[in-house]
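Thanks for making time this morning. I would like to walk you through a few local features of one model, so please have the viewer open.

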Amino acid sequence: MIKVRLIKLLSHAKKYVVLQVLWQWIALIAQVLLIFTLSGMIAGIFENTIPAFGIWLPVILGCIAVRFLMEWLTSRTSYKASVDVKRILRSKIYEKLLRLGSSYREHVHTAEVVQLASEGVEQLEIYFGKYLSQFFYSLICPLTLFAILSFVNLRASAVLLVCVPLIPLSIVVVMKIAKRLLKKYWGLYAELGDSFLENLQGLTTLKIYQADKKRAREMDEESQKFRHVTMKVLTMQLNSTSVMDIMAYGGAAVGMIVTLLQFRAGKVDLQGALMIILLAAEFFIPLRLLGSFFHVAMNGMAASDKIFALLDLPEPEEKSGNFPENLNSIRFEDVNFSYDKERTILQNINIECGRGITSFVGVSGSGKSTIAGILMGRNKGYEGSVLFKDTELRSVSESSLMKNIVLVNHDSYLFKGSIRDNLLVAKPEAEDRELEEVLAKVNLLEFVKANSGLDYQLMEAASNLSGGQKQRLALARSLLLNPQVFIFDEATSSIDVESEEEIMSVIHELAKSKIIILISHRLANVVSSNQIYFLQDGKITEEGSHEQLMKIDGEYSKLYKKQKELEDFAGGLK
């Protein structure tokens, strides 16, 4: 069970496999010499000759020492192979995700990537660290023993050698059953991981709607399916172990019986008979041990299929174009986009975003955030042209794009660690003075200074900050990057009025020199925009300034008036 592509991918680990086989073979030779010495001593005692202990004892101790040293070297080499495999595979997975870029989630679930990089790699670590070397040693060992023992007694040695293939034959039979079973095992494992991660991330929402029990029952059902297939895998492993034990011990027993018959017939002396009997098990032990690694190897093969499926994902063409300097306009020309063939998200979009604020409004699902995704390079399969000045988005490298466009949305992620660490994500070389300047702009500096300064520790997802503070800190981080284009996608949703006003104040200040794209469900925030586009069912149905759109008295005007009535009513209740 050798996968050539896997060995080529992990070519650095091949030398460790060769070394492990070499150390095991030297240990085998030491074992043969030890048995030869011991059987000679025993035969000498039975034949009433006094063994020369002064000669035999150093040989025995030397053989034991060599075996101990070889086993230590084998374990050490196995460890080095494991380390090398984990390092190479995880690097390959990480590099692949980097090449896929920000759109990698269109092809593979995050939970599956985590499982492959952890559990999947661990399985292949054992495959390279133990299984492969044992596989090759299992082929060499019986042939070496036969080559030596055939000079003692050819018939008994030949019987032992002929019985050896019975073990791999049983492994082949089990492998055919196990391959399908393990494929199903990994499929259910990935699904269970996806469900667990999603339910964990949405636990608060599930609690609010009291839907946690229902999701728990669904996870229980998935867990039961996974448990059943796991038990089938374990049963298969147990049965295969029993079959291999029967083959191994049965083969050794047959070899011993033939040896005793040859001894009785006078065709082998006592020392030779003892050698064959004591070494009979050595014909089968390597293959028996290989069988114990078999289920791990099969798991490794199933994991490698998943890993190669990830590594084989089509990659976007490497782009070398640079984002234009002093950008003053972004144009969409006849842009269409759909996530699948059945549903079109954007249809014939023609827009222009200049310096200042360009707003996109409309009901949920109208395509506003899809436009932001296209500009950020996440939604790649668009038709038409997206131009930065005269540079097509498709020709701009992802690194250049990320340096010049930043997205601030309602759930911009803040990492566990200090406020300084979270800000330095945008500009690692920034000094404390720069960090304090951007915090002052979003009115967070006083709070930070009152709470341990820049070393103030955030909990996971910044749960020890209010919603408004989180948004302002995310905004401060984007200011530190200082890109040419800011995209605010519902950046003021679900926060207090004071924080919303402060964020909008920063946005209006940025609009004096930057291109600002504002996506907001609250139309009061877009009133002062230079240009407003109203989307409906993926199409631009209305465009113009706030005053122009109000004069048209279309859908924008109706939505604005309705929101204002609701806000005035809510204000009157306070």
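What you see is a predicted model, in which local features need pLDDT of at least 70 and side-chain atom pairs count only at pLDDT 80 or more, while totals for chains, interfaces and linings use all residues. Residues are numbered from 1 along each chain as its sequence is written, and side-chain values use heavy atoms, with hydrogens and water left out.

Helix 9 covers residues 270-292, and its 23 residues reach 34 Å from the first C-alpha to the last, close to the 33 Å expected, the expected span being 1.5 Å times one less than the number of residues. Where does helix 9 kink? The kink, of about 35 degrees, lies at Phe 284, shortly before the proline Pro 286; the bend at a residue is the angle between axes fitted to the seven residues ending there and the seven starting there.

Thr 77 sits in helix 3, residues 53-100, and counts as buried because its relative accessibility is 7%, where buried means under 20% relative accessible area, exposed over 50%, and partly exposed in between, with a 1.4 Å probe and protein chains only. Beyond its neighbours within four places in sequence, Thr 77 is in contact with Tyr 16, Leu 19, Gln 20 and Trp 23, contact meaning heavy atoms within 4.5 Å.

Asn 443, however, has a positive phi near 60 degrees; Asn 443 lies in the loop between helix 14 (432-441) and helix 15 (445-449) and is partly exposed at 41%. Ser 452, also not a glycine, has a positive phi of about 70 degrees, is found in the loop between helix 15 and strand 8 (457-458), and is exposed, with a relative accessible area of 59%.

Finally, how many disulfides does a search of the whole structure find? The search finds 0, a disulfide being a pair of cysteine sulfur atoms within 2.5 Å. For Cys 63, the nearest cysteine sulfur is that of Cys 141, 16 Å away, and for Cys 141 it is that of Cys 163, 15 Å away. Cys 63 is buried at 4% relative accessible area, and Cys 141 is buried at 0%.

Key: Helices (H or I, at least four residues) and strands (E, at least two) are DSSP runs, numbered from the N terminus.
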